[in-house]
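Please work through the following exercises with the sequence and the coordinates open beside you. Each one sets a task and then gives a solution in steps.

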Amino acid sequence: MGQAQLALPGVASEAAAEWTWTEETGEEAEVTSFVHETVLKAEVVAALAPKDGVYVDVTLGGGGHTEAILEAHPAARVIGLDRDENALEAARGRLVRFGDRLTLVRTSFGRVADVLATLGVTHVAGLCADLGVSSPQLDEAGRGMSFRREGPIDMRMDQSSGETALDLIERLGDDELADVLFKYGEERRSRRIARSVKRALADGQLLTTLDLRRAIVRAVGPVRVGGVDPATRTFQALRIVVNRELEELEELLAALPAVLAPRGVAAIISFHSLEDRLVKRAFGDRTVWSPLSKKPVVAADEESNTNPRARSAKLRSAARCTAEEQRGYYRRDRDPAPEVDSEPELGEGDAESEGEP
Ligand SMILES: C[S@@+](CC[C@H](N)C(=O)[O-])C[C@H]1O[C@@H](n2cnc3c(N)ncnc32)[C@H](O)[C@@H]1O
């Protein structure tokens, strides 16, 4: 049995390049064939508790979570989404043995409701999201996401459409660029950096990712603060904006209640406080969600020691309330905000998480 792949309108289906997968090591990462450690795999499976039903993995990547779901129950089926054709191709190879229990769709996960409607799926039993970029996306110089590798200032996960990071830098004025760096990278030296980057652009000295890093270093010096490279926050901010990462997450969170069956579970792994804050706020609506745990689940020491990316991962899971639970909620005297842990601050670990300490 072959795997299904759906081509959606407006979604290019180009031939995939040869693709390898690696996990970020925090040091120089090597691209090797599928050396990938999926973050919080057992914890995601425990939250979803797969059974006979349809699940959606909205960030398929190399297919690690999807594989775990398909292995956990012989009648579970997965619809895997990714906006990156190379990731879909990698997962297709890895998961071929599951045949038509797996359907792959190239799309952005903000469109999950449309995708399911197109497939004729009304509700799913569970959904997982492992946010951010994959290691191959970071490692491949041609994508321009790494300040360690010389490449175009691109940063798009889906290279078939949209504005590149260089387009963005060209379009924004100094102050607007500084605002982006401050808001999405929580970069305190945003004004200095923005001015230096725009000057490099005007001087014709902003051609590659290494030029971009040089412009940042000219503004703030080469010293690593808290072990983090001076370019980390700027690269993170540009990547988030280029890929509309927070808007996509907001669209996904808004779609979830309609997409999940009653008692269906959403399990979302985030890697920095900007994302985690959105997930926490959405799951805090107790008329819709029943969180599976009070605090986010984090990686055990054993996983963090072997997989640095796991150190900043936070998994939040919640079940969609049934109509009866919702009625019960409205009958009860409500305590305000019953489920919250303290608001996370962006620490150095957050900036490192997506990236490149
Ligand atoms: C961290 S990787 C997922 C790894 C995967 N869970 C595994 O274990 O192999 C994140 C993936 O999500 C994809 N992605 C990120 N944002 C997306 C979006 N808005 N829509 C669709 N895919 C997205 C990226 O292209 C990347 O392949």
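A residue counts as buried if 20 or more other C-beta atoms lie within 10 Å of its own, as exposed if 12 or fewer do, and as partly exposed in between. The model used here is a predicted one.

**Exercise 1.** Decide whether Leu 40 is buried or exposed, and examine its phi.

*Solution.* Begin with the position: Leu 40 lies in the loop between strand E1 (4-6) and helix H1 (41-48). Next, count the neighbours: Leu 40 has 24 C-beta neighbours inside 10 Å, and therefore counts as buried. Finally, turn to the backbone, where Leu 40 has a positive phi of about 50° although it is not a glycine. For most residues other than glycine, phi is negative.

**Exercise 2.** Apply the steps of the first exercise to Glu 186, and state where it is found.

*Solution.* Glu 186 is located in the loop between H7 and helix H8 (190-202). Its count is 19 other C-beta atoms within 10 Å, so Glu 186 is partly exposed, given that a buried residue needs 20 or more. Its phi is near 45°, again a positive value in a residue other than glycine.

**Exercise 3.** Describe how H7 and helix H10 (residues 232-242) are arranged, and which residues make the contact.

*Solution.* The two axes come within 8 Å and cross at roughly 95°. Because angles of 65 to 115 degrees count as roughly perpendicular, H7 is roughly perpendicular to H10. On the H7 side the contact is made by Val 180, Leu 181, Tyr 184 and Gly 185, and on the H10 side by Arg 233, Thr 234, Gln 236, Ala 237, Ile 240 and Val 241. By class, these residues divide into six nonpolar, three polar and one charged.

**Exercise 4.** Characterise the shell around the ligand by class.

*Solution.* The ligand is surrounded by 21 residues, the closest being Thr 38, Thr 59, Gly 61, Gly 62 and Gly 64. H2 and strand E3 (76-82) each supply at least two residues of this shell. Sorted by class, the shell has five nonpolar, 11 polar and five charged residues.

Terms used:
Residues numbered from 1 in each chain as written. Predicted model: local features only at pLDDT ≥ 70, side-chain atom pairs only at ≥ 80, totals over all residues. Axes fitted to C-alpha atoms, helices over the stretch in contact; angles between N-to-C directions. Helix = DSSP H or I, 4+ residues; strand = E, 2+ residues; numbered from the N terminus. Parallel < 35°, antiparallel > 145°, perpendicular 65-115°, else oblique. Contact = placed C-beta atoms within 7 Å. Nonpolar A, V, L, I, M, F, W, Y, C, P; charged D, E, K, R; others polar. Near = placed C-beta within 6 Å.
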